[in-house]
Amino acid sequence: MITETRRANVATPRRFVRLDQAGRWLRRRSVREALTFYLFISPWGLGLLCLTLFPFAMGVLISFTNYDGISPINLVKFTGFANYARALDDRLALQTFSRTVGFSLWLVPLLLIASMGLALLLQQGVKGLGAFRAVFYLPTLFPVVTTALIWLTITNKNAGLLNAAISLVRPGTAINWLGEYALLVLTLLMVWSGAGQGMVVFLAGLQGISRELKEAAMIDGASSWQVFRCVTLPLLTSVIFFQLLVSLIAALQIFVQTVLLTPGTGGGAQYGLGRVPKPSIYMYMNYVMVQILGFQRFGYGTALLWLFFVALVLVALVMYKTGGYWVYYEVEQD
Amino acid sequence: MRAIRRITLYTILVALALVFLAPSFGLVISSLKTQSEFRTSPRILPAELQWENYDLVFRLAPFWRYARNSVVIAIISIVLNTFSSSLVAFGFARLRAPGKTVLFMLVVSMLLMPSTAMVIPQFILYTRLRLVNTYWPWALAGAAGSAWHIFLFRQFFLTMPKDLEDAAEVDGCGWFRIFWQIFLPNSLPVVATSCIFQFAWAWSDYVWPSLYLSMDSMNLAGAVGGAFVWVDPTGASLEMVRMAAALLYLAPMLIIFFLGQKYIVENVVTTGIKG
């Protein structure tokens, strides 16, 4: 036995031994499994590298240049922090930014109240629950293009449904909604098209609250308001937190709706994203798009974009950190 | 007292339902007006229903070409994204490898990425690669899978019993066959959910078509969103025809959700709430 092994060692040249070892290593189950794993996730991995991280790095690089989107690469010059310095000094950027923040701080609570309100109403053991739920959920299925078209039409000054409806009470109403109250129209559009989504989430959350808890409170003599205030609401905080975070981040990035609410100049959709919306709904992401798609200022536009990106990540982080103080989780968080 | 409460509740609900339905009603009714009614008449209902508008949708613009592009984009997105996402999810759910936890945290962090941040960098990349006016942006994005769908599939694959793959392995199945012939066919509700939501994105997205397609290769979202597609001989936009087109564009979306709702996995809506 021993001699045999020794002979084998002598007879096999070293590199074959190494190859053999490699072969055995490759045949090991754990190694094969790991290699299969990397193969399986490679579509996502390649996508992350080529379609996310690479463009991201390129975008960051471009923000330090005067790139205009068409010039050959050798004409592009590095301008250092010039774009960022300019961005911090840009009055229109600051204006659109504060308008966006203001709008979001006004839209997000409204959306929250609307979606939670709908869920609470439907939670009362309503007959025809499915039908009501479908009606409130329906607008969330509408493509943004259709939604914008709907609100453009019904807020039309001369023939819109809104003025027509008000005219039933006050004949001759001809309010130029989009001219004077574009922000209100945008808010209505967002609540109408977004409340259903939140409602479904809240309904799922409400279903998770056990009846016994509420009944116990009732037996102890709590009024239905007290039950809501002291049982339902605390148990819903994780849902509320999730909705707040998602809708705030979404609201801050709004730009498609505002462009679509501004009837088009020029045909076709191409670069329609770079249109300047009506002043009262001119949001920060619109300003970024105007700079990049409208004026071909890719360097400056991406600088504006990354400043905003950092702000968004900070908002999310701050919310996440402060969430611990008021959000109640039934299960301990990992 | 109780009866009064019920009546109040239903009154509020019916009123709210009417308010929620009114805008959609406005769209339908506007698509049946004449141009002059649409522009100037303060009356809610048109004097006569103009079904002709729906005919004009097809006669004044190449509606079917737009529709075909929408369908092709949707199919490319759905097939590639569902296949890739489920494949990647299988890896994360069932295979062991060093670095898996970190990589999965990367997937989750992509979930939290602000959606508009990558629009412009990817636009720069695709224009540089001359992929404008092709389906490639959708194909590449689909082939890479998406974080939300990976997450969805992984959660489901995690719940499947280990015996399932052990038995298959004894029978000599490789990992890919285990995934393709056992896991995927056994998760049809998730496949359906993933397909429906991917369809919803591809069908309704306005940003990508308006960045990557010119008017000649436009899809429905871009055509309905762009003004001056349906015009009269003087070049004025026929908005009521555009409304009719918008309704025809909306229809497949509603049909698919109506037919597919019973397959949609219940917990989709709550994904991400519980830690």
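Which way do H8(B) and H11(B) run relative to each other, roughly parallel or roughly antiparallel?

**Entry 1: conventions.** I note that this is a predicted model, in which local features need pLDDT of at least 70, side-chain atom pairs count only at pLDDT 80 or more, and totals for chains, interfaces and linings use all residues. Residues are numbered from 1 along each chain as its sequence is written, while chains are lettered from A and ligands numbered from 1 in the order in which they are written.

**Entry 2: H8(B) and H11(B).** I looked up the axes of H8(B) and helix H11 (residues 188-204) of chain B, which come within 10 Å and cross at roughly 170°. Helices here are DSSP runs (H or I, at least four residues), numbered from the N terminus. Axes are lines fitted to C-alpha atoms, for helices over the stretch in contact, and angles run from 0 to 180 degrees between N-to-C directions. H8(B) and H11(B) are therefore roughly antiparallel (angles over 145 degrees; under 35 is roughly parallel, 65 to 115 roughly perpendicular, the rest oblique). B:His149, B:Leu152, B:Phe153 and B:Phe156 of H8(B) make the contact with B:Val190, B:Thr193 and B:Ser194 of H11(B) (C-beta atoms, placed from the backbone, within 7 Å).

**Entry 3: H8(A) and H1(B).** I next found helix H8 (residues 144-154) of chain A packed against helix H1 (residues 2-30) of chain B at an angle of about 80°, with axes 9 Å apart. H8(A) is therefore roughly perpendicular to H1(B). On the H8(A) side I listed A:Ile150, A:Trp151, A:Thr153 and A:Ile154, which meet residues of H1(B) including B:Pro23 and B:Leu27.

**Entry 4: H4(A).** I checked the length of helix H4 (residues 42-62) of chain A: its 21 residues should span 30 Å at 1.5 Å a residue, and its end C-alpha atoms are 28 Å apart, which agrees. The expected span is 1.5 Å times one less than the number of residues. The buried residues of H4(A) include A:Trp44, A:Leu48 and A:Leu51 (buried: 20 or more other C-beta atoms within 10 Å of a residue's own; exposed: 12 or fewer; partly exposed: in between). Among the elements covering the buried residues of H4(A) are helix H16 (298-326) of chain A and helix H6 (119-128) of chain B.

**Entry 5: A:Pro171.** I located A:Pro171 in the loop between helix H9 (161-169) and helix H10 (177-180) of chain A. A:Pro171 counts as exposed because it has 8 C-beta neighbours inside 10 Å. Its C-alpha atom is separated by 14 Å from that of A:Lys157, 14 residues apart along the chain.

Definitions and conventions:
Helices (H or I, at least four residues) and strands (E, at least two) are DSSP runs, numbered from the N terminus. Two residues are in contact if their C-beta atoms, placed from the backbone, lie within 7 Å.
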